[in-house]
Amino acid sequence: MACVTGKGHSTTTAVALICACAAAVLTAPGTAFASPAEPTPPSNRSLEKVRKEIERLYREAGTATDAYNAAEEKAEKQSEEIVRLARSIDKGQTKLDRLKARAGAAARAQYRGGGVPDEARLLLSENPSRFLDGAGRLRQGQHATKAMLTEMSRTQADLKTYAKDASAQWKKLEANRKAKAEAKKQVKKKIATAEKLESRLEKKERERLRKLEEEAALRQQSAWVDTGILKDANGKATSPGKKAIAFATAQMGKPYVWGAEGPKSYDCSGLTSQAWAAAGKTIPRTSQEQWKRLPRVDVQNMRPGDLIIYHQDASHVGLYVGDGAIVHAPRPGRNVTLAGAGSMEILGVVRPDK
């Protein structure tokens, strides 16, 4: 496909693409120009380099998105823990104030009694029966006072522990906020670079680029299927698995947005975690945590509803729907769609409802 030219409009986008992008990405040996006004469009080889660079950038953006999501999830949990600790501190302080009030009342009662200890008053008593009754009450009072002081000491210790824990959680929260901010910065940077690369292409070149993406995915899928991997992958979806598949496929056509969990847009793990939430199963938010924490199964034993984790860094995930296909949220600029389960590098398979 040639670039759009003519009618006084010199198409320089292809030239800008080759000159402005990194040489390692866009250099095409042998590219020549018929004349300054009619530049030769990038060859498939040049566009293939662009495709691979864009793919790399979006994969790195996916990794940064996972880091962002993980930091956000941790920050939410730490915020909840801080709130819980604050409530514990409040309750503990109320309890301590009540105990102090009781201790104060006891001190005032002793003051009103002239400051003479109860033990001395009992010894001075002339009535043996009253003495014994008073001794019993004294022991009860001593036990109650001792218990009150012990409870007061324990409450004070608890308050110190709660305050210390709250401080530690606050530090972790701040650290995760910084990690989230850095991850967000990296996501935006990678996506912006990839979008800039693609925006430098003419419309027909972008169409060719998309076709190259589809062809690359098809080649990988065909090679994967040719291994015979699907011969034994004939398991049936469970009832929850069917619900997860129904939810995920109903989202097809909605755009990928990093960090999104629906209902209008999703990132890859936002889609899978929400699909399984709709099936009544809570699973980790990020693809990396899904890989770490969910039970693993062999690829040849996978069944519809399982999650397929992609790339060595577990930065992408799709929901297996059967017949060698997944539904997934691919990347920025793309919508939730069906794709070949083997069209990307498979790290492994996990099963949410095992």
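Two strands pair if DSSP finds at least two bridges between them. Helices (H or I, at least four residues) and strands (E, at least two) are DSSP runs, numbered from the N terminus. This is a predicted model, in which local features need pLDDT of at least 70, side-chain atom pairs count only at pLDDT 80 or more, and totals for chains, interfaces and linings use all residues. Residues are numbered from 1 along each chain as its sequence is written, and side-chain values use heavy atoms, with hydrogens and water left out.

**Whole chain**

Start with everything shown. The chain holds nine helices and eight strands. Of its 354 residues, 38% count as buried; buried means under 20% relative accessible area, exposed over 50%, and partly exposed in between, with a 1.4 Å probe and protein chains only. Contact means heavy atoms within 4.5 Å. Among contacts between residues at least 6 apart in sequence, 69% join residues at least 24 apart.

**The sheet**

Select the strands S3 to S8. They form an open sheet of six strands in the order S3-S8-S4-S5-S6-S7, with antiparallel pairing. Strand S3 (296-297) and strand S7 (337-340) are at the edges with a single partner strand each, so one side of each has no neighbour in the sheet.

S3 is joined to strand S8 (residues 346-350) by two bridges, and the two run antiparallel. Arg296 has Val350 of S8 as its bridge partner.

Move to strand S4 (307-310) and strand S5 (316-322). Four bridges pair S4 with S5 in the antiparallel sense. Look for Leu307, which stands opposite Leu319 in S5. Leu319 in turn stands opposite Val327 in S6.

How many residues of S5 are buried? Six of its seven are, so S5 is largely enclosed by the rest of the structure.

Next select strand S6 (325-328). S5 and S6 are antiparallel and share three bridges. Tyr320 has Ile326 of S6 as its bridge partner.

S6 and S7 run antiparallel and are joined by four bridges. Select His328 and Thr337 together: Thr337 is the bridge partner of His328 in S7.

Most residues other than glycine have a negative phi, and most peptide bonds are trans.

Zoom to the hairpin of S4 and S5, which has five residues between the strands. Is His311 buried or exposed? His311 is buried, with a relative accessible area of 9%.

Then go to the hairpin of S5 and S6, with two residues between its strands. Asp323 counts as exposed, at 83% relative accessibility.

**Helices H7 and H8**

Select helix H7 (residues 239-250) and helix H8 (residues 268-278). Axes are lines fitted to C-alpha atoms, for helices over the stretch in contact, and angles run from 0 to 180 degrees between N-to-C directions. H7 and H8 pack at an angle of about 130°, with their axes 7 Å apart. The contact involves Pro240, Gly241, Ala244, Phe247 and Ala248 of H7, and Leu271, Gln274, Ala275, Trp276 and Ala278 of H8. These residues divide into eight nonpolar, two polar and no charged; Ala, Val, Leu, Ile, Met, Phe, Trp, Tyr, Cys and Pro count as nonpolar, Asp, Glu, Lys and Arg as charged, and the others, Gly among them, as polar.

Now show the sheet again. H7 lies across S5 and S6 and runs at about 115° to S5. H8 lies across S4, S5 and S6 and runs at about 45° to S5.

Colour H8 by accessibility. Eight of its eleven residues are buried, including Cys268, Gly270, Thr272 and Trp276. Just after H8, Gly280 takes a positive phi of about 90°.

For the last stop, select Pro263 in the loop between H7 and H8. The peptide bond from Gly262 to Pro263 is cis, with omega near 0°.
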